[in-house]
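Thank you all for coming; I would like to talk through a few side-chain pairings today. Please have a look at the structure before I go on.

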Amino acid sequence: MKIFNRKRAGDVSTLTFKLWDFTGTALLNLFIFLFIFVYLSPLSFMVISSLTPHEQFLDTNAPILPSVREKFTYEGRDLIVYNVPTDNGVKHWALYKPFRQTSQFIDPENPEAGPIEWEGNWRSLRAVYHFDLAFSNYDEFFKITPAMLYLKNTMIVAIISGIGVLLSSIAVAYGFSRFRIPGIRYIFFLLIATIMIPGNITLVPTYFLFSRNGLDWIGTWLPLIVPHFFGNAILIFLLRQNFKSIPRDLDEAAMLDGAGPLRILISVILPQSTPVVTTVALLHFFYVWNETRLTSLYLGIAPDLQTISFGIQRTQTLFFTPDALMVGALVAMIVPVIVLLFSQRFFMQDMIVTQIEK
C-alpha cells in the first residue's frame with residue numbers, strides 16, 4: 001500500500017513538473033511573439049503608410065488601412081460622400097452645397113430627386129471610405145527621384161571600397177593573429193583604441209586634407225573610397241579573433257608542403273573563415289548604404305554622384321509629404337533586406353567572435 005502511494009505521489013509530481021514546464025514554455029513563446037510583433041510594428045506601419053493616399057493623411061477621421069473617399073459625379077462635379085445621420089438611419093449622401101447651419105446633399109441612389117436639405121454642421125460628418133492601395137505613390141516618387149542612378153552610385157562605392165577594406169583588414173588581421181612581431185600586442189591595443197575616437201573629431205581635419213594639399217577630392221567618390229583601403233579597426237578585430245581560433249597545426253602542415261604565408265592565408269585561413277569574411281563584407285555594405293553625413297559633405301555639389309541614402313533623404317526634404325517620406329524609407333530598406341536574406345546562411349553559420357561560437 002505504501003509502495004503504491006509513493007508511486008502515485010511520484011506520478012503526480014512528475015505530471016505537475018511537466019505542466020509547469022509546458023506553461024513556462026508557452027509563456028516564453030508568447031512573450032517572444034509579442035516582442036517580435038512590437039518590434040516589427042513600425043515596419044508594418046511604414047508599409048501601410050507608403051500605400052496610403054495623400055488625402056487620407058489630411059483627414060483625422062480616416063481609417064487606418066489605405067483607403068480612398070467615396071465620390072459621386074453630379075452635374076460634372078465629383079462630390080464627396082459622407083455618412084449623414086437622418087431620421088431613417090445613417091445615409092450615404094454626397095455633399096452638394098456646404099453651408100454652416102444647413103447643407104444640401106445628393107442621394108447617389110436617387111440623384112433625380114435633386115438636392116436634399118440637411119440641418120447641421122457638415123464638418124462633423126465622417127467621409128465614406130473604401131479600401132484601396134495607392135501604388136501611385138511609388139510612381140510619383142520614382143518620377144521625382146533618380147533612384148536607379150543613386151542605386152548604381154551606391155553599388156559602385158560599396159563594391160570598390162568593400163574590396164579595399166577586405167584586402168587591408170584581412171592582411172592586418174592575419175599579421176596580428178599569426179606573426180610574432182616585437183610589441184605587436186601594444187600595436188593591437190593602439191589600433192583598438194582608435195575605435196574610441198569619435199568621428200566628429202576627425203571630420204574637419206579629413207575634410208581639410210581632401211579639399212586642399214593638391215588633392216581637391218570634393219565632388220568625387222575618392223573621399224568615400226580611398227580611406228577604406230587602409231582598413232577598419234572594428235573589422236580587423238573581428239577577423240583577428242576569428243583567425244586566432246584556427247589551429248596553428250594547419251599552418252605548420254601547410255608549411256611542410258612548401259606553402260608560404262600568402263598561400264597559407266589564401267588556402268588555409270580564408271576557406272575556414274567564410275562566415276566572418278561574409279559578415280565583415282555585409283557590415284561594410286550596410287555602412288556604405290546608410291552613410292549620409294560624408295556623402296552630404298563631399299557630394300553635396302555633385303547630384304549625379306550621390307548615393308541612395310543621401311539622395312532619398314534629399315528628395316524627402318524637398319518634397320516633404322507623409323507618403324513620400326514612407327515610400328523613400330521603404331525603398332532605401334529593400335536592397336539591404338534582400339541582401340541580408342540571401343546571405344544569412346553565411347552570416348549566421350559558425351560565426352566566431354572573440355573565440356565564442358555563436
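Predicted model: local features only at pLDDT ≥ 70, side-chain atom pairs only at ≥ 80, totals over all residues.

**Salt bridges and a buried threonine**

Arg 178 and Asp 251 form a salt bridge in which the closest N and O atoms are 2.5 Å apart, a salt bridge being a side-chain nitrogen of Lys or Arg within 4 Å of a carboxyl oxygen of Asp or Glu. This pair links distant parts of the chain, since Arg 178 sits in helix H4 (residues 147–178) and Asp 251 in helix H9 (residues 248–256), 73 residues apart; helices (H or I, at least four residues) and strands (E, at least two) are DSSP runs, numbered from the N terminus. Both Arg 178 and Asp 251 are buried, that is, under 20% relative accessible area, where exposed is over 50% and partly exposed in between, with a 1.4 Å probe and protein chains only.

Residues are numbered from 1 along each chain as its sequence is written, and side-chain values use heavy atoms, with hydrogens and water left out.

Searching the whole structure gives two salt bridges, and one of them joins the side chains of Asp 59 and Arg 69, at 3.7 Å from N to O. Asp 59 lies in the loop between helix H2 (54–57) and strand E1 (67–69), and Arg 69 in strand E1, so the pair ties together parts ten residues apart in sequence. Asp 59 is buried, its relative accessible area being 14%.

Finally, Thr 295, which belongs to helix H12 (residues 293–298), is buried with a relative accessible area of 1%.
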